[in-house]
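Please open the structure in your viewer and keep the selection panel at hand.

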Amino acid sequence: MKKALFLSLAVGLSSSFYAVSSPSSEALLSEQAFTKAYLKEVKKHFKDAQFKVTDNLSIEVTYSTGATFSTNLVNAYLRYSEEKDTLEDIFADYIDSTKSARQLSEKSKLQVSQLRPVIKPISYIEHITAKINQSSDKKVPFPFYYEKINNELVLLLAIDTPASIQYVSKEKMDEFKLPVEQLKEIAKSNLDTHLTELGAKFQRIEQTEGSSNIHMFIADETYEASAVFSNYFKQQVKATFEGPVGLVFPNRSNVLVVPLNDETALYQIAMLAYSEYPNLSYNVSPFAYEYNDGELKRIQF
């Protein structure tokens, strides 16, 4: 099957909105209005930077050093629209995070701008750990930062350079001197920007016997599976399908998606993933999952 900069955390609003404690007390700002309001406020705090709106809730920031990063406001807008916090608290959190990030060394800034989230099977951790300990007198732990997503999958962070993709060690995470949650959000935002620049999209798979509900997610043959956990992917699913979907990602470059209520197509992609998984390089999961608004639940047949 054919497939396969840095989250500047800042949110702002013009001073006239600071008095608003929650969206319920005023008409809810649209994504476009929220983005414009953020832009107006953040310029007050970073006078040496140039800003360019690349999409609703997405802004490109260029600092005087020439470094260019991306600002993703999806989570900020979610907090705002769901009234989880006051506007003032949301803005303060994001602006403080941005100021902390700017204290990084130039080398760290570059590396953080190259962070990407990478999804791997949990067996990858077990395999690498066993291999390391084959030639060690004492037990050596897995050397890279990772986080368990569910019983089958883990999240790693990688620095993606033109020359290679290098997984981030726990020591490197400490060097960044930023909270783990912030680094994960930066990595996810970097991936969102990457997918946007690529124009990643769903493509319906044509079958000889007629129309098909099976869609393949097309990106760069490296981050398709990891994209499943991105805001960009969530938006593409909502734009393409009505309601929950079922999906498989047997390896990093192949993601197949069908409407959850199409049992025939769902069974078809599930069997394909299960049978092809052992033969694929960079494999991820042999299982099918229900995907609903960014959440995965394994489907039992």
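Begin by selecting strands S4 and S6, which pair in the antiparallel sense over seven bridges; strands here are DSSP E runs of at least two residues, helices are H or I runs of at least four, both numbered from the N terminus, and two strands pair if DSSP finds at least two bridges between them. This is a predicted model, in which local features need pLDDT of at least 70 and side-chain atom pairs count only at pLDDT 80 or more, while totals for chains, interfaces and linings use all residues. Residues are numbered from 1 along each chain as its sequence is written, and side-chain values use heavy atoms, with hydrogens and water left out.

Within this pair, find Val118, which stands opposite Leu156 in S6. Now show the side chains of S4: Leu115, Pro117, Ile119 and Pro121 point one way, Arg116, Val118 and Lys120 point the other way, and all are buried, meaning under 20% relative accessible area with a 1.4 Å probe and protein chains only. Because seven of the seven residues of S4 are buried, the strand is largely enclosed by the rest of the structure.

Next, select Phe217, Phe233, Leu247, Phe249 and Val257, which touch the most other members of the largest nonpolar core, a group of 26 residues; such a core is a set of buried Ala, Val, Leu, Ile, Met, Phe, Trp, Tyr and Cys residues joined through side-chain atoms within 4.5 Å. Among the elements that each supply at least two residues of this core are S4, S6 and helix H7 (180-198). Apart from it lies another core, of 21 residues, including Val74, Ala76, Tyr77 and Ile90.

Finally, select helix H2 (residues 74-81), whose buried residues are Val74, Ala76, Tyr77, Arg79 and Tyr80.

Conventions: Buried means under 20% relative accessible area, exposed over 50%, partly exposed in between (1.4 Å probe, protein chains only).
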